[in-house]
Structures are given as C-alpha cells and as structure tokens.
Amino acid sequence: MKSINTRSLGTVLVAASLFALCGPLAALAASPSAVNLGTAGNFVILAKTGISTTGSTSVVGDLGLSPAAATYITGFALTLPAAGAFSTSAMVTGKVYAPGYADPTPANITTAVGDMQTAYTDAMGRAPNVTELGAGNIGGLTLAPGVYKWGTGVTIPTDVTLSGGANDVWIFQVAQNLDISSATHVVLSGGAQANNVFWVVAGQTTIGTTAVFNGNILDQTAIVLNTGAQLNGRALAQTAVTLDSNAVTTPNSVSSTPTPTPTPTPTPTPTSSSTGSGQTSSGSASTQTSTSASSDPRVVALQVQISGLSATLQLLQQARQNASAQASASGQTVGTIGVNLAKGSTGSNVTILQQFLISQNKGPAAQALAQAGATAYFGLLTRAALAEFQASVGISPALGNFGAITRAYVSAHY
C-alpha cells in the first residue's frame, strides 16, 4: 500500500508556516477583537422563548427573557414583589427580568435581546484564521487565539485547551450543532479568560453531563446543559435555555485592550562586547527582539495557523495508521483464499478480493470498482482493478486473474 510520508508532510506544513510569516502582512490577520455584547453582557442567561431548570441549579448573575412572558421561566420558583421591576429566586444570585414587569424592564430587556442578535451577527461574520479544523472534532487539541470557522457541526469528545494571555480572544463559528461530551473540559491556560471566548453556534449547543465549559455561547437556536454540567460564561440563546442541576456563573470581566506600555526613559546605547571570535553580543537587543516578536500580530496569527496545521497533521497520521491496519487485515484475509479466481467467479472469496482491491486504491480502475462496490461477482471492473494492482507491485504478467503468484505476493507483504 502506498503510504503517506508524514515526515515530509510535516516539513511542508512548517515551511508553509514560515513562508506565511515572511510574506506580506495582508496574508496574516491580527488577533481578533472581543465581540461587543452590548447590554446582553449584563446577563448570564438570556433567551427569547424560555428558560427552564430541574434539580438544584445554581446561577450567579442576572437572567432575562423576552419576548416570552415570565411564565416561560420555569423551575426557579420566582418571587415578584408588587409592581416590581425584577423577580428573585433562591437558585439565582442575581435578578430575573421578563416582559410584564415594571418599567424600565420591558424596554431594557428588549434592547438586550437586540444586542444579543447583533453580537451573534458580528461574531459569525468575522473573517476566519482557520477553517474546518479537525473536520469538526477538536478534542485533545490546544488552540491559540484567533477566529475558527466550520461549515459543519463541532464535537468536543475529549478535553480541549485554549492557550493564551488574559487579553487574547477566541471566536468559534459553528454552522451546525456544538456538542460537548460528558465529563469533558474546555480548559483555559496561560491566563486565558472565559470572558474573551465566544462560541457562535447556528444549531443547538449541548453540554454533556458533568462537563465543564468556559466561554460565552451565542446561539441562534437552543442551549442545553445536561445534568451536573458547569458553565463559566454566558448562555445567550435566540430560542430557549434548558438547565438540569447546573452551575452557571458570569465570567470575570477582563478588558480585551492591552494596558498601555509606559514610555521608557531614554538610556545610553549599550556598548557591544567583543568575543574571541570577533562576534558582538548585546543582551538588550535580544530582549527587544523577543518582546517585539511576542506582540507582533503576524506571530499571533501564525500561531493560529500552526495550530490548525498541527491538528491536520495529527488527523492524517491517524488516518494513515487506520488505513494501514485495515489494508493489512484485508491482505491477510486475501492470502487465505485457496482457489483461483477469474472473470465469471462468484461468492464470498470474490467479495474479499474486491474489498482488498478497493482498500489499496492503486488507480482509476480501483476507484471505479469502489463506486460499484463489492458485488461478489468477478466481472470486468474486478479484473481491471486486479490487473492494475498486479502491475503496480511488479507482478508479471498482470492479466487480472487471481492465482498462485498473486496469492503468494499478498501473503508475503500483508
């Protein structure tokens, strides 16, 4: 079987990354700015059609619902004072707002929902740095700041890490559903803040049982937290939010604008020291270069690209291992065929041979056979694919018949 040379592929990926760094600045995007949530950011949970809970849920922050009425906030045992602008609940460390409460709540909650929708449109429209990372499976990856986009759904079957500083921003654009498996964690490292993470989802977001999730969810449909799941962030849904014995906490607010650097006091230019080889060295120049590189937006964008390329390489390596194992198993089975096969043969032995030829994918004949599938009939397509395989591995004559020579080759090499 012709294998993927992952070492060469890795070299190509790194080379492409270095080319990107050295190329025009326009080819690399700067780190994204945070998404402006407007007044929607005043809420830890905000929805349009309903907010419900079962079990012993704990919410730290304000809840808001509009245009649905307060009767669609269920499971919280709300207490509304006479002519009150907000209600309270023993489950909520904060206030609960809904239409029908005293002014200015109706106007404020309507504005907040509008700001939520505006923020969704803004975040989903950002230009991406990385697309289709991991074919939608980002479990086990460590992701640099940036804008990530998928035209499919996204799954997180194992822990994913967001690594960056306190002012770095992540935006994840998901065209379908976002699913987080049970007991899985979205981990923040290096000072990354949940307040600067935005999951922008067109389909439903489902956080699995006892999972721990960090970031703001801007969902065009529904957000569902399964039993015991924890959310450090905001659940902002354009339909409903459903809870079940969850802990939901507003993230700490951290500015996405770096603190201005004080103007340094001019100092004399350091004198370079000469080494025995005639070279000169300067510690201050090294420090300046390091600081400049770490803050260069091209470097930030390149980190995002390298993260995506690394994930793609991991997937290709896994695919290679899987394909190799499958081909080996298929080849071992072919080696046990004890009869000769030719045009007109039928039965399970033919099926085994066809599956093997399809897995080898030696050329157009094998691809044509793959389209037809394993039919258990040895016809012209099977004969052409077998002759193609024989020619590719040096079996002569490559007549497209399965006999002792081909059997011996497969037995020796698979």
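Modeller: Happy to! Helix 7 and helix 8 cross in a left-handed way. Keep in mind that this is a predicted model. Helix 7 covers residues 380–393 and helix 8 covers residues 404–413. Their axes come within 12 Å and cross at roughly 60°. An angle of 65 to 115 degrees would count as roughly perpendicular and one under 35 degrees as roughly parallel, and helix 7 and helix 8 are therefore oblique to each other. Two packed helices are described by the angle between their axes and the distance between the axes.

Now to the residues that touch. Helix 7 brings L386, F389, Q390 and V393 to the contact, where they meet T406, Y409 and V410 of helix 8. By type, the residues of this contact divide into 5 nonpolar and 2 polar, with no charged residue.

Next, follow the chain between the two helices. The loop between helix 7 and helix 8 holds P397, and a cis peptide bond joins P397 to S396, with omega at about 0°. A376 has a positive phi, near 70°, and is a residue other than glycine. Is A376 buried or partly exposed? Buried would mean under 20% relative accessible area; A376 has 21% relative accessibility, so A376 counts as partly exposed.

S66 and P67 are joined by a cis peptide bond with omega of about 10°, and P67 sits in the loop between strand 4 (62–65) and strand 5. E132, in the loop between strand 8 (130–131) and strand 9 (142–143), has a positive phi of about 55° although it is not a glycine. With a relative accessible area of 39%, E132 is partly exposed.

Strand 5 also leads us to a sheet. This open sheet has 7 strands in the order 5-2-21-19-17-14-11, with parallel pairing. Strand 5 (73–74) and strand 11 (154–156) stand at its edges with a single partner strand each, so one side of each has no neighbour in the sheet.

Notes
Residues numbered from 1 in each chain as written. Predicted model: local features only at pLDDT ≥ 70, side-chain atom pairs only at ≥ 80, totals over all residues. Heavy atoms only, no water. Pairing = 2+ DSSP bridges. Helix = DSSP H or I, 4+ residues; strand = E, 2+ residues; numbered from the N terminus. Axes fitted to C-alpha atoms, helices over the stretch in contact; angles between N-to-C directions. Parallel < 35°, antiparallel > 145°, perpendicular 65-115°, else oblique. Left-handed = near helix turned anticlockwise from the far one by under 90°. Contact = heavy atoms within 4.5 Å. Nonpolar A, V, L, I, M, F, W, Y, C, P; charged D, E, K, R; others polar. Buried < 20%, exposed > 50% of the residue type's maximum accessible area, 1.4 Å probe, protein only.
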